[in-house]
Amino acid sequence: MKVNVLRLDHRRVRDARITTHVCLTSRAFGASKVILSGDEDKKIMENIRDVVKRWGGDFEIDYVKKWDKFIDDWKNNGGEVVHLTMYGEPVQSITNKIRESSRDKLVVVGGSRVPSKVYQEADWNVSVTSQPHSEVAALSIFLHTLFEGEEYDIEFNDSELKVIPTAHGKQVITRKRAN
C-alpha cells in the first residue's frame, strides 16, 4: 500500500511553514508523496526536493490546480481517500479497518476551510481527538497508527547526511551521494 498526502488550500504567504511541516512529516512518517493544492509554491517544492536530496529516499512532491479532479481520478484508479478531520471516526477505532485494505491511500489534510465534497468523497473521515489542533499533529499520529510504528525503522537510502543517534550532542555523517 502506497500512501500519498494531499494538502488542501495552501496559501503561499500564510501557510508556508505549516505546509513545509506537512511535507516533512509525510516523508519522515512513511508517505511516498505530497500533492499541494491552492497556491502553487515552487519555493516549498524546491525546499522539499532539496531535503530529499540531502537526507535521502525517493519522496516526491507535486502540485495540482484542481484538487477535486485529483480526488476523483484517485478514486477512479482504485485508490481510497482518508480525510483527517476533528469530526470523523476516532483514529484508534478505525485505523485497523483502513489498514485491512491494501489499496493505495490518499490522506487529505485541510487548509483554511475544507469543502463538503471532501467529507462526502472520503472513504474514511478520521479524527485524532475531537478537538481543534494542528493538521501536522493529526497527520503524524495517523501515519504512526497506520504503519504501527514501523516508520521508526525507515532507512532513507542514498543520503548525503545521516544522523547517528546519541544521548548527548550531535553526530552527523556526511557522505557523497551516489549518482
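User: How much space lies in the largest pocket?
Analyst: About 400 Å³ of space lies in the largest pocket of this predicted model. On a 1 Å grid over the protein atoms alone, a pocket is an open set of points where a 1.4 Å probe fits, with protein on both sides within 12 Å along at least five of seven lines; lining residues have an atom within 4 Å of a point. Volume is the space filled by probe spheres set on the points, which are joined across faces, edges and corners.

User: Which residues lie nearest its centre?
Analyst: L84, T85, M86, H133 and E135, out of 21 lining residues. Strand β4 gives the largest share of the lining, five residues.

User: What about the second largest pocket, how much space is there?
Analyst: About 220 Å³. Its lining includes R27, W55, F156 and R175. By class, that lining has five nonpolar, two polar and four charged residues.

User: Switching to packing. Which residues have the most contacts inside the largest nonpolar core?
Analyst: L84, V126 and F142, in a core of 31 residues. Such a core is a set of buried Ala, Val, Leu, Ile, Met, Phe, Trp, Tyr and Cys residues joined through side-chain atoms within 4.5 Å. Buried means under 20% relative accessible area (1.4 Å probe, protein chains only).

User: Which helix gives the largest share?
Analyst: Helix α6, residues 135-146, with six residues.

How values were computed. Residues are numbered from 1 along each chain as its sequence is written. This is a predicted model: local features need pLDDT of at least 70, side-chain atom pairs count only at pLDDT 80 or more; totals for chains, interfaces and linings use all residues. Side-chain values use heavy atoms; hydrogens and water are left out. Buried means under 20% relative accessible area, exposed over 50%, partly exposed in between (1.4 Å probe, protein chains only). Helices (H or I, at least four residues) and strands (E, at least two) are DSSP runs, numbered from the N terminus. Ala, Val, Leu, Ile, Met, Phe, Trp, Tyr, Cys and Pro count as nonpolar, Asp, Glu, Lys and Arg as charged, and the others, Gly among them, as polar.
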